[in-house]
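This report goes through a structure part by part, for a reader who has not seen it before. Please look at the sequence and the model first.

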There are 2 protein chains.
Amino acid sequence: MLKDLVQECRSCRRFYEDHAIDEATLKELVDLARLAASGNNKQPVKYILSWQPEKNALIFPHLGWAGYLKDWPGPGEGERPSAYVVLLGDTEISSSFGVDHGIAAQNMMLGARERGLAGCMLGSVTRDKLREALQVPDRYEILLVLALGKPKEDVVIDPVGPDGDIKYWRDSDGVHHVPKRSLAEIIVG
Amino acid sequence: MLKDLVQECRSCRRFYEDHAIDEATLKELVDLARLAASGNNKQPVKYILSWQPEKNALIFPHLGWAGYLKDWPGPGEGERPSAYVVLLGDTEISSSFGVDHGIAAQNMMLGARERGLAGCMLGSVTRDKLREALQVPDRYEILLVLALGKPKEDVVIDPVGPDGDIKYWRDSDGVHHVPKRSLAEIIVG
């Protein structure tokens with residue numbers, strides 16, 4: 001059932017870094033993105049793949065991790081993603097990308113989960129530095145980075161409490177808690 | 001396999017309008033959206049559901065359908081969607097919605113497909129008219145409309161030809177063709 005996959009498909013930020021992900025797996029994920037709907041079917045989203053430790057090391061320093069975990073600068077050595085997909089907008093095809101990269105990234109997240117992997121869509125990216133590190137041509141806008149790996153953290157969904165706070169947090173066992181609004185709160189008509 | 005679901009999950013624009021979709025089904029779909037990732041976990045996307053013929057009739061006139069099919073103004077009576085989910089951005093929660101609505105809509109599209117339904121994410125919406133018709137409060141931005149129904153058209157994916165044309169088209173049998181770029185074209189590094 002899709003519901004199970006969606007429920008298990010949590011954003012993950014700590015990984016077994018020594019669990020390699022190969023190029024073929026990343027291509028399978030991008031194929032899921034390729035088959036997704038695209039505004040006016042323009043398909044302006046392009047992809048850079050990274051599964052090699054040296055290339056991963058070029059990408060990692062330019063990513064911002066968990067904004068609400070003030071004391072945690074991001075995954076340490078050994079717990080970093082073992083692969084990335086960088087989503088680019090090809091400005092020679094379109095000047096605006098709508099939600100194409102969200103649709104594409106979600107297909108890849110679900111595909112990763114189906115393969116026992118997990119990921120995190122990162123929008124907090126030092127774009128100019130990443131562009132330089134990967135020598136991304138000017139024609140491409142850097143939209144999102146999808147970090148991938150074998151998950152090394154437990155993530156649970158909680159209801160949003162009476163105070164309305166939606167900030168995720170980690171308990172003393174290192175379990176990551178994500179408060180989600182109720183159906184009653186989000187259906188407004 | 002997710003791959004099969006993704007492959008079958010095509011944008012659909014003609015439906016068996018007499019196939020009713022009930023409120024419970026729409027709530028199941030919104031629950032899939034609810035459980036999706038959201039930027040900074042803010043969850044600013046809210047939803048209006050419509051499954052009643054009278055409410056559907058208020059929504060339909062304000063939707064733009066298939067931009068590339070110049071001679072086709074959209075589905076005729078009897079082939080219109082039997083339900084809608086209107087995705088709103090709650091400006092009291094956030095002033096920007098990133099790709100949250102794309103992620104949410106994709107979960108709902110996949111969930112619809114799993115239930116034998118199909119849909120179309122419509123960004124071409126006469127927003128002021130739709131706001132008036134549904135009396136959408138000013139605090140909400142209208143982001144997307146997801147049209148849903150039991151599919152009454154066949155959709156096939158073709159490779160993009162040598163001329164690079166990505167415009168979808170309908171053949172003489174009414175089959176809807178969608179040219180998709182190859183993996184080789186979209187993986188650029």
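## Helix α2 of chain A

In helix α2 of chain A, the buried residues are A:Thr25, A:Leu26, A:Leu29, A:Val30, A:Asp31, A:Leu32, A:Ala33 and A:Arg34. Buried means under 20% relative accessible area, exposed over 50%, and partly exposed in between, with a 1.4 Å probe and protein chains only. Helices (H or I, at least four residues) and strands (E, at least two) are DSSP runs, numbered from the N terminus.

Helix α2 of chain A covers residues 23-34, and its 12 residues should span 16 Å at 1.5 Å a residue; the end C-alpha atoms are 16 Å apart, which agrees. The expected span is 1.5 Å times one less than the number of residues.

## Basis of the model

This is a predicted model, in which local features need pLDDT of at least 70 and side-chain atom pairs count only at pLDDT 80 or more, while totals for chains, interfaces and linings use all residues. Residues are numbered from 1 along each chain as its sequence is written, chains are lettered from A and ligands numbered from 1 in the order in which they are written, and side-chain values use heavy atoms, with hydrogens and water left out.

## The two chains

The contact (heavy atoms within 4.5 Å) takes 56 residues from chain A and 56 residues from chain B. Of the interface residues of chain A, 100% are also interface residues in chain B, so the copies meet through the same surface.

## The nonpolar core

The largest nonpolar core has 70 residues, and those with the most contacts inside it are A:Tyr47, A:Val85, A:Leu87, B:Tyr47, B:Val85 and B:Leu87. Such a core is a set of buried Ala, Val, Leu, Ile, Met, Phe, Trp, Tyr and Cys residues joined through side-chain atoms within 4.5 Å.

## The sheet of chain A

In chain A, three strands form an open sheet in the order β6-β8-β7, with mixed pairing. Strands β6 (155-159) and β7 (169-170) of chain A stand at the edges, each with a single partner strand, so one side of each is left without a neighbour in the sheet. Two strands pair if DSSP finds at least two bridges between them.

Strand β7 of chain A runs antiparallel to β8 (residues 176-180) of chain A, joined by two bridges. In β8 of chain A, A:His177 stands opposite A:Trp169.
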